[in-house]
Amino acid sequence: MEPSLAIVVGILVGGGAYLMMSANLIRFLFGLTLVSNAVNLAIFTAGRMTYGAPSLVPPGGKTVAEGAANALPQALILTAIVIGFGLLAFTLSLVLRAYVTFGTANSAEIREAEPMPEGRRDDSGKA
């Protein structure tokens, strides 16, 4: 099962990277979401999928029972989901502000609409 999940993680990262290299900011957000989900799936896969008992300490015991599932990947994934949602909400607000300010979601058009500081030249050599 792990090799197939590793392939899915690779496809998600590849698709997310492709979308993030686009000039459109909305595609960038979709790519960011794909990469975030790929990281969550990679953490889940790295924690090994076990069909063991819940990770609870039995009465009178000092450690979890033999063959218990590892709870750390689940906790990391929950944390990553919350952080990913916060990052998505923040970038969505930035994209919305850029769209309202510049009237477009294309990063090349936003770069052209931005005034150049005094005495600085762009890549084409124009002032």
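N40 lies in helix 2. The model is predicted: local features need pLDDT of at least 70, side-chain atom pairs count only at pLDDT 80 or more, and totals for chains, interfaces and linings use all residues. Residues are numbered from 1 along each chain as its sequence is written, and side-chain values use heavy atoms, with hydrogens and water left out. Helices here are DSSP runs of H or I with at least four residues, strands are E runs of at least two, and both are numbered from the N terminus.

N40 has a relative accessibility of 9%, so N40 counts as buried. Buried means under 20% relative accessible area, exposed means over 50%, and partly exposed is in between, with a 1.4 Å probe and protein chains only. Setting aside residues up to four places away in sequence, N40 touches I77, A80 and I81. A contact means heavy atoms within 4.5 Å.

P73 is found in helix 3. P73 is buried because its relative accessible area is 9%. Beyond its neighbours within four places in sequence, P73 is in contact with I43 and G47. R48 lies in the loop between helix 2 and helix 3. R48 is exposed, with a relative accessible area of 62%. Two C-alpha pairs are listed below.

| Pair | Separation in sequence | C-alpha to C-alpha distance |
|---|---|---|
| N40 and Q74 | 34 residues | 9.5 Å |
| P73 and R48 | 25 residues | 8.8 Å |

**The second largest pocket**

This pocket has a volume of about 180 Å³. Of its 14 lining residues, L32, T33, S36, G84 and F85 are the closest to its centre. Helix 2 and helix 3 are the elements that give two or more residues to the lining. Helix 2 gives the most, with 8 residues. The lining divides into 9 nonpolar, 5 polar and no charged residues.

The terms work as follows. On a 1 Å grid over the protein atoms alone, a pocket is an open set of points with protein on both sides within 12 Å along at least five of seven lines, whereas a cavity is a set where a 1.4 Å probe fits but cannot get out; lining residues have an atom within 4 Å of a point. Points are joined across faces, edges and corners, and the volume is the space filled by probe spheres set on them. Ala, Val, Leu, Ile, Met, Phe, Trp, Tyr, Cys and Pro count as nonpolar, Asp, Glu, Lys and Arg as charged, and the others, Gly among them, as polar.

**The largest nonpolar core**

This core has 6 residues: L25, L29, V95, A98, A105 and I110. Helix 2 (25-46) and helix 3 (72-102) each supply at least two of its residues. A nonpolar core is a set of buried Ala, Val, Leu, Ile, Met, Phe, Trp, Tyr and Cys residues joined through side-chain atoms within 4.5 Å. A105 touches A23, N24, L25, I26 and Y99, not counting residues up to four places away in sequence.

**The chain as a whole**

The protein chain has 4 helices and 0 strands. From the N terminus on, its elements run α-α-α-α. Of its 127 residues, 17% count as buried. Among contacts between residues at least 6 apart in sequence, 49% join residues at least 24 apart. The accessible surface comes to about 9,400 Å², and 67% of it belongs to carbon and sulfur atoms. Areas come from the Shrake-Rupley method with a 1.4 Å probe; for residues, only the protein chains shown count as cover.
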